[in-house]
Amino acid sequence: PKFAVSWQWVADKKVVHLVVDQNQSTEAGIAIFRMPVDVRIDAGGESKVHRIEVSKRRDEFDLPAAEAPRGVFFDHGHQILAEIDQKRSLAELLYQAATDDDVVGRYLAVGSLQEHVANFDVVTALAGILKKDGSAQVRGRAVEVLAERKDELALYHLLAALGDASSSVRERVASRLDWFDRGKTVPTMRHLAAQDPSYSVSASAAYSLAEAKAEGAWESLAELSKVDTFRDNVREGALKAMVVLGDLRAIDRALELGRPGNPGGVRGAAFELLGKMAKDREDAVDFLIAQLGDASQSLRGAAAEALAEMGSTRALAAVKARRDAEPIERAKKRMNGAIEKIEKAVAATSAEAVKLREQQIQVAEERAKVRDERLGLREKMIELREKELELEKKELGLRAKELELREKAAKAK
């Protein structure tokens with residue numbers, strides 16, 4: 001079901017008037033649901049839970065409340081599987097985020113504060129949650145919401161949260177440090193990448209360094225790529241961050257980590273890096289072609305996709321041959337996708353080559369036209385020069401006659 005919930009306190013009757021609409025479409029045979037729902041009302045320093053039953057497109061209820069409630073919570077305890085849209089005031093959200101005994105309720109309330117994060121009271125509330133809330137999930141959500149401000153006030157509280165005992169909270173801070181003034185956050189990123197006791201925090205800080213293109217980012221990532229952890233998530237994360245950083249030294253590291261004997265997830269991340277960064281490295285193409293015969297169907301598919309990402313026309317025959325011999329349907333499907341992508345790249349390259357050749361021909365024709373026009377202009381200039389010389393000759397003849405007439409006139413005097 002999809003519930004839209006609203007309420008209003010009726011002071012003269014001392015009741016909460018609750019309106020519940022079921023907004024799901026019934027066209028596909030979905031019914032209007034009948035079900036019990038718990039509603040909690042916090043008023044007068046007390047919390048009371050009322051059980052109601054919804055059964056119609058719109059249900060309305062009057063529930064007792066001696067004073068104006070600080071909060072009305074539909075589906076108290078989050079017992080039903082439903083999509084609930086309950087519009088709440090800022091005051092109600094702040095109250096729930098700070099006081100709700102239900103962790104899920106506090107988590108959802110903190111998330112809803114995001115649209116009010118420009119409000120200073122919200123910042124103060126989130127800072128309090130970061131210091132006092134007993135749930136790491138709620139504190140982590142507060143980090144995510146507060147970080148959306150992207151200003152110095154938010155950064156102040158986020159840096160304080162790096163002292164949190166929970167690595168998940170610190171990791172959320174580390175992953176958002178590049179959102180702020182990097183002149184102030186890069187030293188913290190470096191410190192976390194090198195010294196935080198949690199590998200997940202170190203990896204997130206190194207990723208932020210990569211996104212910031214900060215000095216020392218490569219060195220941090222290179223060190224993390226050597227770290228053994230459960231499921232190798234740190235090493236995989238380091239390889240992904242190397243792609244973001246764009247330092248070509250990562251290619252050789254990926255060639256090392258992509259070799260058989262390394263964990264599958266690490267090798268897959270190395271293949272992905274090569275596909276995105278090693279387009280001009282023939283040794284990387286040869287390496288990935290060799291991995292098409294790996295014992296792991298997942299890595300065979302990953303190698304094919306990396307070659308496709310490179311747009312390697314040289315690898316097309318090898319991928320097709322591996323596809324034809326591939327016994328696993330899932331891997332074969334990935335290879336078909338890779339082949340299609342490479343063929344499109346070949347077609348696009350051919351089309352581009354044809355277009356380029358047409359442009360070259362057009363330029364050559366235009367040059368020839370200009371050359372002909374220039375020759376025509378030269379001939380015209382020669383013709384004009386000849387006329388000019390003829391006129392100069394006539395002019396000299398006229399001047400000579402003029403002098404002759406002057407001499408005759410002088411003798412006549």
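Let's start with arginine 378, which is partly exposed, with a relative accessible area of 48%. For the cut-offs, buried means under 20% relative accessible area, exposed means over 50%, and partly exposed is in between, using a 1.4 Å probe and protein chains only. Arginine 378 is found in helix H16, residues 329-412. Helices here are DSSP runs of H or I with at least four residues, strands are runs of E with at least two, and both are numbered from the N terminus. From arginine 378 to valine 244 you count 134 residues in sequence, and 59 Å in space, C-alpha to C-alpha.

A quick word on the source. This is a predicted model, where local features need pLDDT of at least 70 and side-chain atom pairs count only at pLDDT 80 or more, while totals for chains, interfaces and linings use all residues. Residues are numbered from 1 along each chain as its sequence is written, and side-chain values use heavy atoms, with hydrogens and water left out.

Okay, now serine 166. Is serine 166 buried or exposed? Buried, with a relative accessible area of 15%. Serine 166 sits in the loop between helix H5 (152-161) and helix H6 (167-174). Setting aside neighbours within four places in sequence, serine 166 is in contact with Ala136 and Arg139, where contact means heavy atoms within 4.5 Å.

Next, helix H2, residues 103-112. Gly105, Arg106, Ala109, Val110 and Gly111 are buried there. Their cover includes helix H1 (90-99), helix H3 (120-132) and helix H4 (136-147).

On to the cores. A nonpolar core is a set of buried Ala, Val, Leu, Ile, Met, Phe, Trp, Tyr and Cys residues joined through side-chain atoms within 4.5 Å. The largest one has 85 residues, and Leu126 and Leu274 have the most contacts inside it. Helix H14, residues 297-310, gives the most to this core, with 8 residues. There's also a second, separate core of 18 residues, and Phe3, Val5, Leu18 and Ala43 are among them.

Last stop, the sheet. In what order do the 4 strands of the open sheet run? It's S5-S2-S1-S7, with mixed pairing; two strands pair if DSSP finds at least two bridges between them. At the edges are strand S5 (58-64) and strand S7 (83-86), each pairing on one side only. Strand S1, residues 2-10, is joined to S7 by 4 bridges, and the two run parallel. Phenylalanine 3 has isoleucine 84 as its bridge partner in S7, and Phe3 is also one of the residues in that second core.
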